[in-house]
Amino acid sequence: MRALLGSLYLLVTACSAPPVPGLPPSSGKALFVKGDGEFANGRGLRGSVTLVKLVEEYPESYWARRAVETLWERRLELTAAGFSYPELLGGLYEKHKEDGIAGHLLFYDALWFARPGAGLEKEALYLLLVLVDYHPSSALWDDGVWLAADLLRRLGRVGDEARILEAALLPTSSRGIDALADGFSQKVRYRLARLYLRQGRYREALRQLSLVVNLHRGLKLKDDAMWQTAQVYAVLGDKEREAKALEYLVEQCPWSRLKDGAVARIRDLSLPKE
């Protein structure tokens, strides 16, 4: 297998010309169209060579990212041609770990190991943690965090799942304070709150749910967050705050699928005690 992988690199090297400095981000489109067409015409080996050549010559370009995505989509054809998909991407990463394509190479390599039934979650996690720790500017950083959390849950490592989500909410040089109020951070906070609830960490769950409601723009997840908030207060025996959370849900999210349940619960809470 390594010999075949080496052969592919020899083919790429033989076909490659030195990259031209200063080319715009669209550079490599012709190679992408060519490689994609070669796959479509049943020439998987040739298509692989062309797309790898694209990644080699234009590792900072949009088309290099499209090439890596296409190699993932065509991974079965690549394997049928006798090549190891993870070795191919791993080799490319070693050569381009300082380039913009690095995060894509790690993420799609991790997807291979993370596929259900493969039993290779730890290998996938290693690649994803490299992506999260060393390539925070990658366009797939959010996806890497989410997939890593999914794998940790699959492995039953709930504490580690919480820790990686908590770390995703810390500002970095690539993700400033403003990023902590974006849509991805809202999803992380909501997931983290649900995780805390399963662990019985109610006060911490309430804090994250409050941030989902008050920190993020728009209404996405807010009705769910207020419903969960009410459920926590119900567990804590605080009926007054439970009612307030439900009233906020009804007032702010009249379109919510949870509205009828909230109205019914408010009515129950308002009934005089027997």
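The charged end of Lys-187 sits over the ring of Trp-146, 4.6 Å from the ring centre. I count a charge as over a ring if NZ of Lys or CZ of Arg is within 6 Å of the ring centre and within 35 degrees of the ring normal. Arg-75 also lies over a ring face, that of Trp-72, at 3.7 Å from the ring centre.

Before going on: this is a predicted model, where local features need pLDDT of at least 70 and side-chain atom pairs count only at pLDDT 80 or more, while totals for chains, interfaces and linings use all residues. Residues are numbered from 1 along each chain as its sequence is written, and side-chain values use heavy atoms, with hydrogens and water left out.

Next, the aromatic rings. Rings of Phe, Tyr and Trp (its six-membered ring) pair if their centres lie within 6.5 Å; planes under 30 degrees apart are stacked, over 60 edge-to-face, and the rest tilted. That rule gives 8 aromatic pairs. Trp-72, Tyr-85, Phe-107, Tyr-108 and Trp-112 form one aromatic cluster.

Tyr-85 brings us to helix 6. Helices (H or I, at least four residues) and strands (E, at least two) are DSSP runs, numbered from the N terminus; the protein has 15 helices and 0 strands. Which residues of helix 6 are buried? They are Tyr-85, Pro-86, Leu-88, Leu-89, Leu-92, Tyr-93 and His-96. Seen down the helix axis, these fall within an arc of 160°, so they line one face of helix 6; the arc is that of the directions from the axis to the C-beta atoms. As background, an α-helix has 3.6 residues a turn, so residues three or four places apart point the same way.

Helix 8 (residues 121–134) has buried residues including Leu-125, Leu-128 and Val-132. The buried residues of helix 8 pack against helix 6, helix 7 (102–114) and helix 9, where contact means heavy atoms within 4.5 Å.

Finally, the totals. Buried residues make up 46% of the 274 residues. Of the contacts with a separation of 6 or more, 57% are between residues 24 or more positions apart.

Note on methods
Buried < 20%, exposed > 50% of the residue type's maximum accessible area, 1.4 Å probe, protein only.
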